[in-house]
Amino acid sequence: MENILSIDPKNETVGTVHGHLLSAISPRPIAFASTVDAQGRPNLSPFSFFNVFGANPPIVIFSPARRVRGNTTKHTLENAKEVDEVVINIVNYDMVQQMSLSSTEYAEGVNEFEKAGLTMLKSDLVKPFRVAESPVQLECKVKQIVETGTEGGAGNLIICEVVKIHINKNVLDKNGSIDQHKIDTVARMGGNWYSRANMGMFEVEKPLRTLGIGVDNLPQTIRESKILTGNDLGRLGNVETLPTKELIEDYIIKNSLGEFVKNATVEDLHKQAKQHLDNNNTTNAWYILLAK
């Protein structure tokens with residue numbers, strides 16, 4: 001057929017095959033995997049090669065694939081080999097920006113819970129921590145790791161048995177079942193695209209390839225804001241550096257905001273910044289937040 005693009009994976013680059021597969025096989029649920037290394041240091045990272053494969057025993061599988069560029073493995077995989085336990089946290093819309101920020105390639109030993117501004121919750125039966133903000137948390141024992149190859153892009157299937165399930169009661173219906181509208185899960189698609197289960201598609205920019213400063217490096221007044229949400233903090237934490245004083249002053253003058261800034265309370269500044277964040281303009285939000 002003339003209107004069909006047919007591809008032989010053996011004759012294409014891994015990057016091309018990878019891109020087509022991720023765009024075509026979607027939306028994909030997200031395993032927000034929490035692990036610890038042999039020293040007990042926590043790690044948190046999302047994976048969209050993930051699903052449930054049985055209920056008796058309850059089995060879930062996710063795959064921290066080898067990186068296409070560089071053919072290196074991820075800390076999650078190394079941790080699962082050292083400590084055969086993992087917590088898989090389900091991602092909903094309220095935490096998607098923080099989840100995305102955690103996928104930044106931070107150095108070994110960096111705590112992504114802190115970088116993403118998420119709360120570590122002690123598990124009952126396994127060593128890795130749960131994400132308190134997640135609507136459903138699955139404590140798991142690793143049964144087997146299957147390596148599908150040794151080249152960049154190869155999968156590493158981490159087969160897990162769920163040993164305890166934690167569900168936020170706020171997502172339950174009157175019968176005690178998970179309400180699909182209330183849980184508000186998100187799923188991964190191709191490129192920068194995600195799907196919101198109860199509304200449809202939306203876009204989340206990928207974290208910087210360089211290191212975002214992280215939520216833990218935001219000023220305390222911003223981290224503890226009553227106006228800014230977790231998603232807002234995730235966006236603010238995904239910048240490499242803060243704007244200079246000169247850039248901020250130039251923005252204030254050009255937009256005739258001097259009088260507003262002079263009389264504004266911290267709450268006023270946060271409300272104004274949130275409007276910019278809601279319009280996906282993180283730079284202007286930072287100008288406002290740092291105007292005083």
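A search of the whole structure finds 14 salt bridges, a salt bridge being a side-chain nitrogen of Lys or Arg within 4 Å of a carboxyl oxygen of Asp or Glu. Side chains of opposite charge can pair when their charged atoms come close. The model is a predicted one, in which local features need pLDDT of at least 70 and side-chain atom pairs count only at pLDDT 80 or more, while totals for chains, interfaces and linings use all residues. Residues are numbered from 1 along each chain as its sequence is written, and side-chain values use heavy atoms, with hydrogens and water left out.

**Salt bridges**

- Glu105 and Arg67 meet through their side chains in a salt bridge, with 2.8 Å from N to O.
- This pair links distant parts of the chain, 38 residues apart, since Glu105 sits in the loop between α3 (96-102) and α4 (112-116), and Arg67 sits in the loop between β4 (58-62) and α2 (75-82); helices here (H or I, at least four residues) and strands (E, at least two) are DSSP runs, numbered from the N terminus.
- Glu105 counts as partly exposed at 47% relative accessibility, whereas Arg67, with a relative accessible area of 19%, is buried; buried means under 20% relative accessible area, exposed means over 50%, and partly exposed lies in between, using a 1.4 Å probe and protein chains only.
- A salt bridge of 2.7 Å, N to O, also brings together the side chains of Asp184 and Arg196.
- In the salt bridge between Asp278 and Lys274, the closest N and O atoms are 3.5 Å apart.
- Asp278 and Lys274 are four residues apart in helix α10 (residues 266-278) and are therefore separated by about one helical turn.
- Through salt bridges that share partners, Asp232, Arg235, Lys274 and Asp278 are joined into one network.

**The sheet of β10, β11 and β12**

- Three strands form an open sheet in the order β10-β11-β12, with antiparallel pairing, where two strands pair if DSSP finds at least two bridges between them.
- The strands β10 (186-188) and β12 (200-203) stand at the edges, and because each has a single partner strand, one side of each is left without a neighbour in the sheet.
- Neighbouring strands of this sheet are turned against each other by 35° on average, direction ignored; the axes are lines fitted to C-alpha atoms, for helices over the stretch in contact, and angles run from 0 to 180 degrees between N-to-C directions.
- Strand β11 (residues 193-196) pairs with β12 in the antiparallel sense over four bridges, and Ser195 has Met201 in β12 as its bridge partner.

**Strand β4 and its partners**

- Strand β4 is mostly covered, as four of its five residues are buried.
- On the side of β3 (residues 50-55), β4 has an antiparallel pairing over five bridges, and a hairpin joins β3 to β4 through two residues.
- Within this pairing, Gly54 stands opposite Ile59 in β4, and Phe50 stands opposite Phe62 in β4.
- Strand β4 also pairs with strand β9 (residues 156-167) in the antiparallel sense, over four bridges, and in β9 the bridge partner of Phe62 is Ile158.

**A loop residue, Glu240**

- Glu240 is found in the loop between α7 (230-237) and α8 (245-254), and it counts as partly exposed at 46% relative accessibility.
- The C-alpha atoms of Glu240 and Thr210 are separated by 6.9 Å, although these residues are 30 apart along the chain.

**The whole chain**

- The protein chain has 11 helices and 12 strands.
- Its radius of gyration is 21 Å, close to the 19 Å that the globule rule gives for 292 residues, so the chain is as compact as a globular protein of that length; the radius is taken over C-alpha atoms, and the rule is 2.2 Å times the number of residues to the power 0.38.
- The C-alpha trace spans about 65 × 50 × 40 Å along its principal axes.
- Of the 292 residues of the protein chain, 46% count as buried.
- Among the contacts (heavy atoms within 4.5 Å) with a separation of 6 or more, 62% are accounted for by residues 24 or more positions apart.
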